[in-house]
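Q: Could we go through this structure together, starting with the charged pairs and then turning to the packing?
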Amino acid sequence: MLCHSRPFSVFPCSSQLLTGSGRKIRIPFTLAKSLVIIFMEGAEGIELQITDDAEANSRNDASSIDNKTQPPKLTHYKWWLRVTCYILFLLSGQSAATLLGRVYYDKGGNSKWMATFVQSAGFPILLPLLLFFPSSINSNTATNPISASFANKPEAPRLSTLTFLYVGFGALLTGDNLMYSYGLLYLPVSTYSLLCATQLAFNALFSFFLNSQKLSPFVLNSITLLTASASLLAVNADSENPAGISRRKYVIGFLCTLGASATYSLYLSLVQLSFEKVIRKETFSAVLKMQIYPSFVATCGCVVGLFASTEWESLEDEMRGYKEGKVSYLMTLIWTAITWQISSVGLLGLIFEVSSLFSNVISTLALPLVPILAVVFLHDKMNGVKVMAMLLAIWGFLSYIYQHYLDDAKSKTVLTSENEVTGAQ
């Protein structure tokens, strides 16, 4: 009898097998044939697996060689271009929105709820981005500390949990924007912007308690300098006399601006905590939703406040009495909403490309710029105390930036050493 196949010459042509004692055991030929087929399939599977592993290893080796030989400048120039565009969006949008908010009050606007409304009402501009960018994974997972911390935790949170987060953040933004509106109404733009710089100090404190970030000497120096800057502005209250603003209203604006800076810093720390503990992913769509849905809730809250305060009844008279006319009134409000959303696009882009901490630092970079722009375009007064406060704020900002640079360099060093250890294994 001839064999149909002889893989590795394991089975003889007969249907007899030898035991360890030399005894012959007769088995049916069909069973022997089945065993041969099973063994052949197993051998082919093992050979296929070995081939796949070899191909995968060769691809990994080739990709690692390509990464080593490719110049870093050619690899990252597009990333730097995107980051630069986002920084320009953030700085220009935030500066223009702040100046337009002051123009609204200077030209005859008086509705705090309307000024609050336009800070969040432009969120529909972001909806096309949500449709254009689906739930794509952040390409910067390796360098983004938030993304790296939950890259292996894909489980989605419950809808009720997300709804609670969005509603809570929206309510927090409503109160925060309202306090900013009071501060911008009762304070000169230069004073308002310098007080907003205290956001960095509050952010460091909340990050220490909520996000487990250390208070290094440079961060403590930044907190001290920003506190001194705010104290100088508080002492300067007697020398400042904005048109039609009493000392009581000045104090209200001062406290509201400080409260708004603290609230926004708390908001940023809670958002970062939510991404780490609840959402567990940082895709561009997730970041967009964190901007769009709370803004929608905040806009609804502003509409409720506008009607509850009966300010809506005076909006028509306010439009008629606006110094530059109805068209200028509407364009001021519309462009204020648009510029706030341009700022939001830059903020979201920096969160997606770099980190939420970096985006917060860049957003505060506009604060020393706004007083200079206010002096040029709105003719704000800039006395010696304000100049000293601005210099202290810039010093505190640079100290904070330097600490961020040290943290970033340290994280890159750790990441490089981990990659080297992984490659050696």
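**Salt bridges and helix packing**

A: The model is a predicted one. In it, the side chains of Asp106 and Arg102 form a salt bridge, with an N to O distance of 2.9 Å.

Q: Where do Asp106 and Arg102 lie?

A: Both residues belong to helix α2 (residues 72-106). Asp106 and Arg102 are four residues apart, about one turn of the helix.

Q: Is Arg102 buried or exposed?

A: Arg102 counts as buried, because its relative accessibility is 12% and the cut-off for buried is under 20%. Asp106 has 36% relative accessibility and therefore counts as partly exposed.

Q: How many salt bridges does the structure hold?

A: The structure holds three. Another of them joins the side chains of Lys107 and Glu324, at 3.6 Å from N to O.

Q: What does the pair Lys107 and Glu324 tie together?

A: Lys107 sits in the loop between α2 and α3 (112-117), while Glu324 sits in the loop between α12 (315-320) and α13 (326-353), so the pair links parts that are 217 residues apart in sequence. Lys107 is partly exposed at 28% relative accessibility, and Glu324 is partly exposed with a relative accessible area of 46%.

Q: And which side chain meets Arg320?

A: The side chain of Arg320 meets that of Glu316 in a salt bridge, at 2.6 Å from N to O. Both residues lie in helix α12, four residues apart, which is about one turn of the helix.

Q: How exposed are Arg320 and Glu316?

A: Arg320 has a relative accessible area of 55% and is exposed. Glu316, at 48% relative accessibility, counts as partly exposed.

Q: Changing topic: how many residues are in the largest nonpolar core?

A: The largest nonpolar core has 82 residues, and Met114 and Leu350 have the most contacts inside it. Helix α6 (residues 159-186) gives the most to this core, with ten residues.

Q: How do α6 and α10 pack?

A: Helix α6 packs with helix α10 (residues 247-279) at an angle of about 160 degrees, and their axes are 7 Å apart. That angle makes α6 roughly antiparallel to α10, because angles over 145 degrees count as roughly antiparallel.

Q: Which residue classes make up the contact of α6 with α10?

A: The contact has 19 nonpolar, eight polar and two charged residues.

Q: Is the crossing of α6 and α10 left-handed or right-handed?

A: Helix α6 passes α10 in a left-handed crossing.

Conventions
Residues numbered from 1 in each chain as written. Predicted model: local features only at pLDDT ≥ 70, side-chain atom pairs only at ≥ 80, totals over all residues. Heavy atoms only, no water. Core = buried A, V, L, I, M, F, W, Y, C linked by side-chain atoms within 4.5 Å. Buried < 20%, exposed > 50% of the residue type's maximum accessible area, 1.4 Å probe, protein only. Helix = DSSP H or I, 4+ residues; strand = E, 2+ residues; numbered from the N terminus. Axes fitted to C-alpha atoms, helices over the stretch in contact; angles between N-to-C directions. Parallel < 35°, antiparallel > 145°, perpendicular 65-115°, else oblique. Left-handed = near helix turned anticlockwise from the far one by under 90°. Nonpolar A, V, L, I, M, F, W, Y, C, P; charged D, E, K, R; others polar. Salt bridge = Lys/Arg side-chain N within 4 Å of Asp/Glu carboxyl O.
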